[in-house]
Number of protein chains: 2
Amino acid sequence: MTAAILAVGDELLAPGRVESNSVFLTAQLARYGIPVGFRAVVRDDAQVIAFSTESALKRNDLVFLTGGLGPTSDDLTREAVSSALGLELSLDETILDGIRARFERRGITMPEVNRCQAMVPKEATVLPNRRGTAPGLWIPVGSGQAVVLLPGPPLELEPMFRDHVAPRLNPFSSGMVYEVKKLKVAGLAESSVEQKIASRYRSVANPSTTILASAGQVEIRLTATGETSEAANAKNETLASSLREILGDAIFTENEEELEDVVGSLLASSGQRITVAESLTGGLIAERITDVSGSSRYFDESFVTYSNEAKSELLGVPKELFERVGAVSEEVASAMATGARERSGADIAVAVTGIAGPTGGSDRKPVGLVYIALATESGVQVERFQFPGARRQVKRWTSQAALNMVRLELLR
Amino acid sequence: MTAAILAVGDELLAPGRVESNSVFLTAQLARYGIPVGFRAVVRDDAQVIAFSTESALKRNDLVFLTGGLGPTSDDLTREAVSSALGLELSLDETILDGIRARFERRGITMPEVNRCQAMVPKEATVLPNRRGTAPGLWIPVGSGQAVVLLPGPPLELEPMFRDHVAPRLNPFSSGMVYEVKKLKVAGLAESSVEQKIASRYRSVANPSTTILASAGQVEIRLTATGETSEAANAKNETLASSLREILGDAIFTENEEELEDVVGSLLASSGQRITVAESLTGGLIAERITDVSGSSRYFDESFVTYSNEAKSELLGVPKELFERVGAVSEEVASAMATGARERSGADIAVAVTGIAGPTGGSDRKPVGLVYIALATESGVQVERFQFPGARRQVKRWTSQAALNMVRLELLR
């Protein structure tokens with residue numbers, strides 16, 4: 001049991017375009033135990049659409065076509081598929097009324113061209129479109145196959161799939177479903193995560209493990225198959241608990257949340273307030289903290305101090321430090337954190353100073369050198385980092401390392 | 001003259017995977033005047049690969065297959081294509097020596113399985129692989145068609161395409177090349193841009209026009225074809241100049257730059273310094289300003305004032321305003337901008353206050369309501385906005401509108 005996905009539209013073959021509906025459909029179908037065996041992007045050409053549909057039906061039980069259901073002359077999917085399957089189209093008055101009503105609500109008379117959207121092959125089930133005029137069609141074929149026509153705009157396709165296609169998929173399921181589990185790690189490099197866990201996951205075939213690294217974050221993704229969702233989840237959990245033993249606190253979440261969400265929850269539950277003093281990140285850390293709804297419970301204010309003068313005036317960093325050790329130094333990071341904590345009255349202050357690049361680096365202080373200081377009631381700690389990458393990556397790495405220092409402090 | 005691209009590999013059909021080689025190839029082929037007529041992702045199955053190659057050759061002059069050239073048993077592309085075309089494979093000793101040498105340089109004896117990578121159909125031209133063991137193949141078919149086999153890893157495929165495929169494409173060129181021109185607009189909604197320019201671009205078939213909207217930004221993309229790059233560019237320019245007449249200053253760039261880059265250039269050239277006072281955006285505006293390398297020329301410091309107390313203490317906003325008109329008001333925005341400008345000594349201060357949501361809205365002050373104030377030597381101006389979308393969108397819209405107010409002020 002496999003599915004094929006044919007995305008229809010000249011525009012999808014244009015340079016620079018990425019076809020995304022098939023990515024959505026592949027992920028959804030996996031959840032119902034239906035692997036995708038073939039995927040194609042085809043032109044607005046009735047012959048090609050018909051031929052591709054026929055070919056796909058030879059090797060797949062379910063064939064999805066997306067796009068080409070609009071009212072214009074280059075929307076050919078409905079007719080081409082019906083002709084390939086030898087089905088006649090007839091006007092469905094209920095659909096026509098629906099389309100008319102949709103236009104009338106906007107104060108417009110339905111253009112005649114939209115009539116074609118109400119044409120339906122006799123054997124088909126109409127899939128209602130909450131968000132647009134083009135209904136989808138579920139067309140049974142032969143003994144247990146089906147061709148499914150869905151509108152191209154993702155905002156129309158996605159709810160239609162969830163509401164009207166998903167409930168019909170059971171008979172097509174291979175009986176093997178996928179489940180994905182993610183462990184997100186901060187504070188360790190990809191190579192170091194790999195080294196620590198390789199012996200544990202390499203010997204396991206189900207789940208399969210992939211490791212995705214971005215600036216300051218490593219995501220370990222386990223994909224298990226099983227006869228039921230529970231069986232697949234149990235397989236993921238067995239490997240996950242083995243990885244937890246090794247990685248411990250380095251795993252900051254196993255959910256769909258970001259580091260700032262985790263830090264936010266810890267701050268909210270501890271009743272502590274935070275402030276930030278940012279040089280190279282220019283506001284990114286505060287921006288991430290305030291991306292969390294409800295962050296006003298633990299965040300009042302923060303300081304972006306880019307120049308040396310700003311560090312002295314807003315945070316009270318002694319001017320002689322710039323002469324003696326330079327703005328990118330343990331001492332300045334420490335003074336920034338202490339100053340920010342005192343001036344804001346927050347419980348925790350995190351401060352960052354460093355060289356984001358591409359200019360401003362030197363042999364002794366290269367691009368990517370960053371000091372991060374954390375000031376609390378019990379004192380100040382400073383860590384030195386050397387981050388890789390271009391300006392935006394260095395900023396991102398820095399924000400990630402700073403939030404992770406806060407997280408580990410709050411866990412203590 | 002069209003090309004088809006077949007990406008081979010079970011892993012490319014797995015959930016979560018996006019196939020990227022065809023995006024690269026489509027863009028490259030467009031530059032040589034070869035439109036792509038069909039694109040597919042196929043399984044590691046010799047029958048499917050052979051059938052898909054034959055089908056593709058019926059409608060396309062050039063058929064690219066990527067992937068499946070490795071040494072393992074699921075690498076089937078070379079054999080499947082040769083059998084589909086009725087070509088015999090024979091061992092190419094030169095390639096074999098090259099593969100052996102590659103292994104020896106790493107101190108390894110070539111595994112026997114790699115021999116298959118040196119098998120070549122007689123009619124084919126070998127495309128050397130600088131980065132891996134799998135050579136590519138250019139196989140002429142019938143009268144003027146060709147099948148091209150390329151390795152799957154982008155790091156191998158891309159240089160091979162540039163060095164060995166591109167020089168052979170001239171005979172396949174339609175003689176028509178594509179050129180793309182972008183006009184990026186800020187400060188106007190998508191519908192308003194559409195309304196203003198529809199009559200100008202709808203009547204023009206070449207270039208074709210697409211409009212892409214994101215929070216606070218509308219990108220008008222013109223794609224022209226012509227016999228030469230110059231001819232296509234000239235067609236884009238003709239429509240672009242017509243659109244410029246209507247949109248004027250709303251177009252902030254026609255290059256690959258962001259609003260913060262444009263604002264940065266204007267600040268640098270005017271010699272003015274900027275500061276920011278941010279409530280709902282929580283640092284995002286400063287973060288964008290400092291994403292620009294060299295921003296220290298015009299940016300010293302900024303203030304993230306989330307709570308009312310912070311607005312009073314750091315910016316001197318009179319406390320009675322919160323009682324009388326509330327934090328989200330013209331008066332508070334104005335006082336924030338004035339305070340930030342005075343305390344920082346900057347020439348321009350931009351301040352934002354609003355409701356990012358999802359909570360905190362009311363009938364009178366709904367989620368998305370934002371006031372933006374701009375303080376300069378000549379006074380303060382405040383604008384009121386009602387932005388759509390979720391928390392992050394509202395923050396993004398706000399940062400975009402704030403930077404655009406600064407841009408328009410600097411243009412005056």
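Which residue stands opposite Val352(B) in S16(B)? In this predicted model, the residue facing Val352(B) is Ile372(B). The two strands concerned, S15(B) and S16(B), pair in the antiparallel sense over six bridges.

S15(B) and S16(B) belong to an open sheet of 10 strands with mixed pairing, to which both chains contribute. Read across, the order is S17(A)-S16(A)-S15(A)-S13(A)-S14(A)-S14(B)-S13(B)-S15(B)-S16(B)-S17(B). Strand S17 (379–386) of chain A and strand S17 (379–386) of chain B are the edge strands, each pairing on one side only. From one strand to the next, the twist averages 15°. Where the chains join within the sheet, S14(A) and strand S14 (residues 301–305) of chain B pair in the antiparallel sense over five bridges. Within that pairing, Thr305(A) has Glu301(B) as its bridge partner in S14(B). On the chain A part of the sheet, helix H12 (residues 330–344) of chain A lies across strand S13 (274–278), S14, S15, S16 and S17 of chain A, and runs at about 145° to S15(A).

The contact between the chains takes 45 residues from chain A and 45 residues from chain B. On the side of chain A that touches chain B, two or more residues come from each of helix H1 (21–31), strand S2 (36–42), helix H2 (46–59), helix H9 (284–289), strand S14 (301–305), helix H10 (308–315) and helix H13 (391–411) of chain A. S2(A) gives the most to this side, with seven residues.

How are the two chains related? A rotation of 180° with 1.7 Å of shift along its axis superposes chain A on chain B, with an RMSD of 1.9 Å. That is the relation of a two-fold axis. Of the interface residues of chain A, 100% are also interface residues in chain B, so the copies meet through the same surface.

The peptide bond from Gly357(A) to Pro358(A) is cis, with omega near 0°, and Pro358(A) is found in the loop between strand S15 (348–354) and strand S16 (369–376) of chain A. In chain B, a cis peptide bond joins Gly357(B) and Pro358(B), with omega about 0°.

Terms used: Residues numbered from 1 in each chain as written. Chains lettered and ligands numbered in written order. Predicted model: local features only at pLDDT ≥ 70, side-chain atom pairs only at ≥ 80, totals over all residues. Contact = placed C-beta atoms within 7 Å. Helix = DSSP H or I, 4+ residues; strand = E, 2+ residues; numbered from the N terminus. Pairing = 2+ DSSP bridges. Least-squares fit on C-alpha atoms with pLDDT ≥ 70 in both. Axes fitted to C-alpha atoms, helices over the stretch in contact; angles between N-to-C directions.
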